[in-house]
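Please keep the sequence and the structure in view while reading.

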Amino acid sequence: ADTMECNMCNGTGYIPENICKPCSGTGRYYGETEIAVQIPKGISEGNYITINSMGEAGIRGGKPGDLLIFIEDKGDERFIRKGYDLETELTISMIDAVLGRSCDITDLTGDILTFTVKPGTQPETLYRISEKGLPCYKQDKNGDLFVHIHVEIPIDLTGNASELFYEFAKEFTNTKDDNNSNRIGKYYIVKFKPEEKANS
């Protein structure tokens, strides 16, 4: 024999005289409720927040379920997130890389941070600004902010500017003599004697 639930009393054993229109006698009806949710600082994508008793209502007066809010990280085009650390990019001129300068960078909260690019900074150098990354989840500390330095090389130099660069290269070569070659950054300028150039 098959057993099925009575569609008149929904298994309660009695039929109410006056059926509630919003719930049609089920004790539940669909609706929306707006609630405020506190997002914990430092929470990462894939985690979720549980709001107790804010899920679907229980059947016949039963305990309601919970509401699960899954976190999705929208990201920020200015920063790359690496755990609790952030990385951003800054392009400086070749002159600033050689001589050094003070630079301003905007952090995630919109504050202006000033740090010093040291003289002789090489392309793709990372500068670390401590405690300016994301807050650590359930910890009283922050990650770090790393500034990725790009060096802009000038192009289409005028004749005068080109001559000045040649003079700089000659001066650098004369003051940094080392086994017939000199290093500028990651590259070497090699000097040949006349008899060596013919055989090279």
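**Aromatic pairs and the nonpolar core**

In this predicted model, tyrosine 48 has a relative accessibility of 46% and therefore counts as partly exposed, since that class lies between the limit of under 20% for buried and over 50% for exposed. Phenylalanine 70, with a relative accessible area of 56%, is exposed.

A search of the whole structure gives 2 aromatic pairs. In one of them, tyrosine 48 and phenylalanine 70 are tilted, with 5.2 Å from centre to centre and 45° between the planes. Tyrosine 48 is part of strand S1 (residues 48-51) and phenylalanine 70 is part of strand S2 (residues 67-70), so the pair ties together parts that are 22 residues apart in sequence.

The rings of phenylalanine 115 and tyrosine 127 also form a pair; their centres are 5.8 Å apart and their planes stand at 45°, so this pair is tilted. Because phenylalanine 115 lies in strand S6 (residues 112-117) and tyrosine 127 in strand S7 (residues 126-129), the pair ties together parts that are 12 residues apart in sequence. Phenylalanine 115 and tyrosine 127 are both buried.

Among contacts with a separation of 6 or more, 42% join residues 24 or more positions apart.

Which residues have the most contacts inside the largest nonpolar core? They are Leu90, Ile92, Phe115 and Ile149, in a core of 17 residues. At least two residues of this core come from each of strand S4 (85-93), strand S5 (101-106), S6, S7 and strand S8 (145-152). S8 gives the most, with 4 residues.

Isoleucine 149 shows how these parts meet. Leaving aside neighbours within four places in sequence, isoleucine 149 is in contact with Leu90, Ile92, Phe115 and Tyr127, among others. Further partners of isoleucine 149 include Val117, Thr121, Pro123, Glu124 and Thr125. Two of these contacts, Phe115 and Tyr127, are the residues of the buried aromatic pair described above.

For the protein as a whole, 20% of the 200 residues count as buried. The accessible surface comes to about 15,800 Å², and carbon and sulfur atoms account for 51% of that area.

Note on methods: Residues are numbered from 1 along each chain as its sequence is written. This is a predicted model: local features need pLDDT of at least 70, side-chain atom pairs count only at pLDDT 80 or more; totals for chains, interfaces and linings use all residues. Side-chain values use heavy atoms; hydrogens and water are left out. Rings of Phe, Tyr and Trp (its six-membered ring) pair if their centres lie within 6.5 Å; planes under 30 degrees apart count as stacked, over 60 as edge-to-face and the rest as tilted. Buried means under 20% relative accessible area, exposed over 50%, partly exposed in between (1.4 Å probe, protein chains only). Contact means heavy atoms within 4.5 Å. Accessible areas come from the Shrake-Rupley method with a 1.4 Å probe; for residues, only the protein chains shown count as cover. A nonpolar core is a set of buried Ala, Val, Leu, Ile, Met, Phe, Trp, Tyr and Cys residues joined through side-chain atoms within 4.5 Å.
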